[in-house]
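Please keep the sequence and the model in view while reading.

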Amino acid sequence: MSRLSEIAISEELIARARGGEAAAQAAIYRGIGPAVFALTRRLVGNRAVAEDLFQDTMMTLFQRLGDFRGEAPLGIWLRQIAVTRCLMYLRSPWHRARLQWESGEDASLHPSMLPVTQATWPDALDVERALARLTPVARAVVWLFEVEGYSHEEIARLFGRSVSFSKSQLARALARLRQGLAPQEDQEACTPI
Amino acid sequence: MHTDIDESNIARRLRAAADEPSEAPYGWAEFQRRRNRSMLTRVIERNRPAAIAAAVVAAVLVTMTPFLHGGHEHEPAIAPPDTAGPAKSSDLQEQARTRAIEGWLAALPQDHDLVRVGARAAVSRLQDQIAALDDLMSAERVAGAQPSRLDALERQRSQLVSSLAQVQYAEMLASANP
């Protein structure tokens with residue numbers, strides 16, 4: 001299971017980690033770290049940047065664990081921290097400059113982008129490739145909306161933009177994904193039974 | 001035949017991709033190592049203004065010391081003489097400053113109440129480097145080295161002495177305010 005929102009961490013473990021017990025913190029890290037990194041890589045693409053954001057997110061988790069009230073699962077709480085960190089990066093002047101610098105080439109297909117997961121089923125690699133062809137902002141929007149279940153209003157707030165920005169980014173992302181995934185569908189449709 | 005893919009189909013495939021197994025980029029030990037390094041960096045950043053302020057105070061004291069003590073070069077001072085590195089002055093002035101710093105270092109108490117291993121190691125390393133440089137300079141003089149070569153070595157020695165004074169001064173402050 002790789003989605004943060006579905007990972008359950010026991011209250012007892014959280015309490016021990018909050019008390020500074022290293023073994024409990026290590027257990028939480030092992031339980032929740034992979035999902036945090038997967039989400040971070042989905043949102044920012046580049047592995048090196050994702051590692052930095054992952055480190056930052058996990059450090060924030062242990063620093064702020066005392067503030068966690070348990071009203072929502074720990075994964076949801078942490079997801080918010082990770083998403084905020086990633087979107088701050090995507091909105092940063094540094095990232096925009098990097099995109100401009102790399103605009104001459106197909107930066108989205110850089111080897112550091114693929115694959116985010118281990119792609120254990122046949123269709124997975126096609127999905128990974130199609131996602132990698134999206135712009136980082138479009139990828140973040142489609143992922144937050146379709147997979148993480150964010151609403152357009154929430155996405156707009158996170159990006160500091162309007163709802164129509166979120167909707168147009170989603171429409172554009174879906175159109176590109178449709179293109180990227182279509183050949184696979186065509187092959188399936190033409191396969192004799 | 002072209003089959004159009006609807007949004008629900010894409011969403012389903014994206015969610016399936018999300019459920020693929022993934023791994024953290026590194027283990028708990030590496031995470032802790034990076035966390036400690038990051039925290040150390042933050043502490044240094046946080047204390048940087050205090051270090052700059054101490055350096056400014058030291059520079060002011062160095063400037064004022066000759067007036068306060070009648071110009072006695074080797075009298076122990078509160079702060080080391082100007083350790084900001086070789087300024088754009090003549091070599092003679094630079095050598096005089098280096099001697100003043102060495103006088104200040106010699107007057108320092110040898111035993112601090114509080115000894116920090118890192119600082120002590122840095123002091124030892126710098127002292128070794130200065131000693132090695134002294135040996136080299138002696139050998140170069142005997143071999144009749146070019147004056148420019150000796151000047152370069154002298155400047156290098158001045159920098160090492162300045163560094164040593166900075167470390168010793170920081171250690172002295174730390175010892176006075178544990």
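Chain A contains nine helices and zero strands; here helices (H or I, at least four residues) and strands (E, at least two) are DSSP runs, numbered from the N terminus. Read from the N terminus on, the order of elements in chain A is α-α-α-α-α-α-α-α-α. Chain B has five helices and zero strands, and its elements run α-α-α-α-α from the N terminus on.

The model is a predicted one, in which local features need pLDDT of at least 70 and side-chain atom pairs count only at pLDDT 80 or more, while totals for chains, interfaces and linings use all residues. Residues are numbered from 1 along each chain as its sequence is written, and chains are lettered from A and ligands numbered from 1 in the order in which they are written.

How confident is the predictor? For the complex it gives an ipTM of 0.78 and a pTM of 0.59. The pLDDT is the predictor's confidence in each residue, from 0 to 100. Chain B has an average pLDDT of 74, and 63% of the residues score at least 70. Within chain B, confidence is highest in α1(B), at 88, and lowest in helix α2 (residues 28-68) of chain B, at a mean of 72. Over residues 71-77 of chain B the pLDDT is below 50, although this stretch has 10 contacts in the model beyond near neighbours in sequence. Two residues are in contact if their C-beta atoms, placed from the backbone, lie within 7 Å.

Contacts also describe how each chain folds back on itself. In chain A, 66% of the contacts with a separation of 6 or more involve residues 24 or more positions apart. In chain B, among contacts between residues at least 6 apart in sequence, 70% join residues at least 24 apart.

The next topic is burial. A residue is buried if 20 or more other C-beta atoms lie within 10 Å of its own, exposed if 12 or fewer, and partly exposed in between, with C-beta atoms placed from the backbone. Of the 193 residues in chain A, 35% are buried; of the 178 residues in chain B, 18% are buried.

A nonpolar core is a set of buried Ala, Val, Leu, Ile, Met, Phe, Trp, Tyr and Cys residues joined through C-beta atoms within 7 Å. The largest such core has 54 residues, and those with the most contacts inside it are A:V36, A:C86, A:A140, A:V141 and A:V142. At least two residues of this core come from each of α2 (22-44), α3 (47-64), α4 (74-91), α6 (124-132), α7 (136-146), α8 (152-159) and α9 (163-190) of chain A, together with α1 (7-18) of chain B. The largest share of this core, 11 residues, is supplied by α2(A). Domain 1 (1-113) and domain 2 (114-193) of chain A each give at least three residues to this core; these bounds come from an automatic or database domain assignment.

Leaving aside neighbours within four places in sequence, A:V141 is in contact with A:I155, A:S166, A:Q169, A:L170 and A:A173.

Helix α2(A) deserves a separate look. It is mostly covered, for 17 of its 23 residues are buried. A kink of about 45 degrees lies at A:I32, shortly before the proline A:P34; the bend at a residue is the angle between axes fitted to the seven residues ending there and the seven starting there. Just after α2(A), A:G45 adopts a positive phi of about 85 degrees.

Helix α3 of chain A holds A:A50. Why does A:A50 count as buried? A:A50 counts as buried because it has 24 C-beta neighbours inside 10 Å. Leaving aside neighbours within four places in sequence, A:A50 is in contact with A:F37, A:T40, A:R41 and A:V44.

Finally, A:L134 lies in the loop between α6 and α7 of chain A. A:L134 counts as buried because it has 22 C-beta neighbours inside 10 Å. A:L134 and A:L174 are 40 residues apart in sequence, and their C-alpha atoms are 9.5 Å apart in space.
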